[in-house]
Amino acid sequence: MKIVPPFRKLRGYTFDPALSSKMETASINQIVYNVLWEDLEPAETEKLRNNSTRTKKNESDVKQGAGPVGEYLEIIDYDPTTKKFYKPVNLNETYILAQDGLDPSESNPMFHQQMVYAVAMTTIMNFERSLGRKIIWASRHCFEEIFDKKKKRKFKQKKEEYVQRLRIYPHALREANAYYSPQKKALLFGYFNASPANVTLQMPGAVIFTCLNHDIIAHEVTHAIIDGLHRHYNEPTNPDVHAFHEAFADIVALFQHFTFTEVLKDQISKTRGDIGAQQSLLGEIAQEFGYSMGKYGSLRMAIGKFNEEEKRWEPAKPDGTEYQTQMEPHARGSILVAAVFEAFINIYKKGAADLLRIYTNGSGVLPEGELHPDLVNRLATEASRAAKHVLGMCIRALDYLPPVDVTFGDFLRGIITADVDLVKEDVKNYRLAFIEAFKKRGIYPEGIRTMSVDSLRYRLPVDINKVVKRPLDIISEFLKKYRDEIVYVKDRKKIYDISRRYMSGKGNDEFLGLEKQIDNEFNSSNKKKIEAENAFEVLTGLIFFNTWKKFGNKTEDDNYDRPPFAVQQLRLVSRVGPDGSQINQIVFAITQRSELSNTEKDGKKKQLVFSGGCTLIFDMDTMKLKYAISKPLLDLECFTTNGHIKLNMTRIEHQYNYQVEHRNRCASEYNRYFEPMVDTIHDEPFALLHKH
């Protein structure tokens, strides 16, 4: 019988190589990552022969260039600058296994492969633990050639292709950049020569490898995971969308710091329990990268902002106006990161208050000198527990967001709703900590009356399952079949295939997927269904009844009576809360897109692709609809008042203003470059965004 260990132990940098050259941090800058054990095998040569730079001369090197290849990841260590493959590391080699992987090294490309694999797998495990399901990468959009027998001609048809593994290229770029490529379904890491502003912090000309930085690796993997969950979050329909992508990636990188036990204890000891202090490493992102790019500190900080005049980081005070004025994605995203980090700090302080009272005989004021090791251990336990819960709250919120046009306010509502769903009683006031931190920064969701937990939590209208009975019954019955077929499936490819078949019906049989089931229901001419159809439109904010032509609007198909819709991201969720309670749900999204035109003052017409969508969450046990989280095409207030359909002009105007009127006012190089094409899905939205 083959005995398989639960984890593979791999050594790596806790933060980045720079901290290993400092006496005060060298002892904490190496960690053993425990990653889920999988049998790693070299990639097949044929699978790698798709790079135009490869020739027959170096085909024999292709297999040699394949590093660790597992269930989720494929490390390809090809350097386009030197046109060579680096020797791959074999993590199954006896001596490497015996010493928990290779020694951390800046000069060994094989360790670079080990480092990206270890951090990427750690990040994936954290997501799967919180989401309650397997991570599946975004599918690849491509074309297949179809022969039309009737018209006797060939034509190309769009199709989606399953992506088994995310590719990682540790040495893909000779520049100060690292990014996730939605087009390639790959992470590309760069390396460059340092140009520090302060030569005492970094040696000028030193080679800096972004693939050796924990924060950068975790950040880029998170981009890839979000793309698999919400593909439309690559479209900048409002200032928050790309800022959310950047902020969430930083949040994951930051809170993974708190899983490093020895680092946590060290920083608690040095800051005397104040882990939100300015001198704490735990709130910094990519320190070495920041120094090497001429900054006077890390790339970004969750607990401070950079003072340009004095060239230093200083504590940031919440500013309620910054959210209204700051449009650059990283700077805007830092507002969200600061809000989440402040919520965590307040949760930690409240949890640690009783320990400090006991230690100080009730005064709460720590005496001079080093903290007792026992207190440090207990504070570290409290900080780690709070960080894991906060990170879990943020990750679980991803399932409670609208599928398009996300805002920071939507994220807050998602956090609150997801936590109420899983943790019935918030005895430690985690939710209030989030609400308070968001309020301080002027982040308020639309469509609510108060900033209370009860108001922020998504709720269905009363008796909605009765009012919209027929459409929901059809969907519910259909989802039962999906549940029964997929509930015990563990293989990621099978999960993808089954879910894809149930969404669109694509396959080798005549199976009607959920898209066709909904389409058939609303194309029926039975007038008795009209009331339920209208109620379903109110519920989702989308257009299903055949009244779209009343607006005189154009669709992709002129013969079609409404904007086309798509069912996306069908998934089964099973989560266990800290109190042992379990929730089982089926989640999917419906999205719609339509072209709208607007005549400018100069008489020219501008086209806008307007998106709407709704996330529907069903209780898997009762098969009743639990949540409908919408970004509506329709004006729901007008629709529910008089029964007439009216477009949601508020959302249309917001998207129009951001995408067109403010095109020339945006300060960032990113927006100036991309905004002429904002009505398309960009192939590489993160390449220039991450360029420094």
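Student: What makes the pair E342 and K440 a polar contact?

Tutor: In this predicted model, the side chains of E342 and K440 approach to 3.1 Å. A polar contact requires a donor and an acceptor, N or O atoms, within 3.5 Å, so the pair at 3.1 Å qualifies. The side chain of E342 also makes a polar contact with that of R441, at 2.8 Å.

Student: Which residues are in contact with E342, leaving aside its neighbours within four places in sequence?

Tutor: They are P318, A437, K440 and R441. E342 itself belongs to helix α9, residues 329-359.

Student: How do you know whether the rings of F255 and F258 are stacked, tilted or edge-to-face?

Tutor: Two rings pair if their centres lie within 6.5 Å, and those of F255 and F258 are 6.0 Å apart. Planes under 30 degrees apart count as stacked and over 60 as edge-to-face. The planes of F255 and F258 stand at 35°, so this pair is tilted. By the ring-pair rule, the count comes to 22 aromatic pairs.

Student: What makes F255 and F258 count as buried?

Tutor: F255 has 1% relative accessibility and therefore counts as buried. F258, at 1%, also counts as buried, the cut-off being under 20%.

Student: What is the geometry of the pair F255 and F341?

Tutor: The ring centres of F255 and F341 are 6.0 Å apart and the planes are at 45°, so this pair is tilted. The pair links distant parts of the chain: F255 is in helix α5 (residues 240-256) and F341 in helix α9, 86 residues apart. Both F255 and F341 are buried.

Student: What makes R8 count as lying over the face of W37?

Tutor: R8 is at 4.0 Å from the ring centre of W37 and lies over its face. The distance cut-off is 6 Å, and the charge must also be within 35 degrees of the ring normal. R413 likewise lies over the face of Y458, at 4.1 Å from the ring centre.

Student: Why is helix α10 called largely enclosed?

Tutor: Of the 24 residues of α10, 17 are buried, so the helix is largely enclosed by the rest of the structure. Helix α10, residues 373-396, reaches 34 Å from its first C-alpha to its last, close to the 34 Å expected at 1.5 Å a residue.

Technical notes
Residues are numbered from 1 along each chain as its sequence is written. This is a predicted model: local features need pLDDT of at least 70, side-chain atom pairs count only at pLDDT 80 or more; totals for chains, interfaces and linings use all residues. Side-chain values use heavy atoms; hydrogens and water are left out. Helices (H or I, at least four residues) and strands (E, at least two) are DSSP runs, numbered from the N terminus. The expected span of a helix is 1.5 Å times one less than its number of residues. Buried means under 20% relative accessible area, exposed over 50%, partly exposed in between (1.4 Å probe, protein chains only). Contact means heavy atoms within 4.5 Å.
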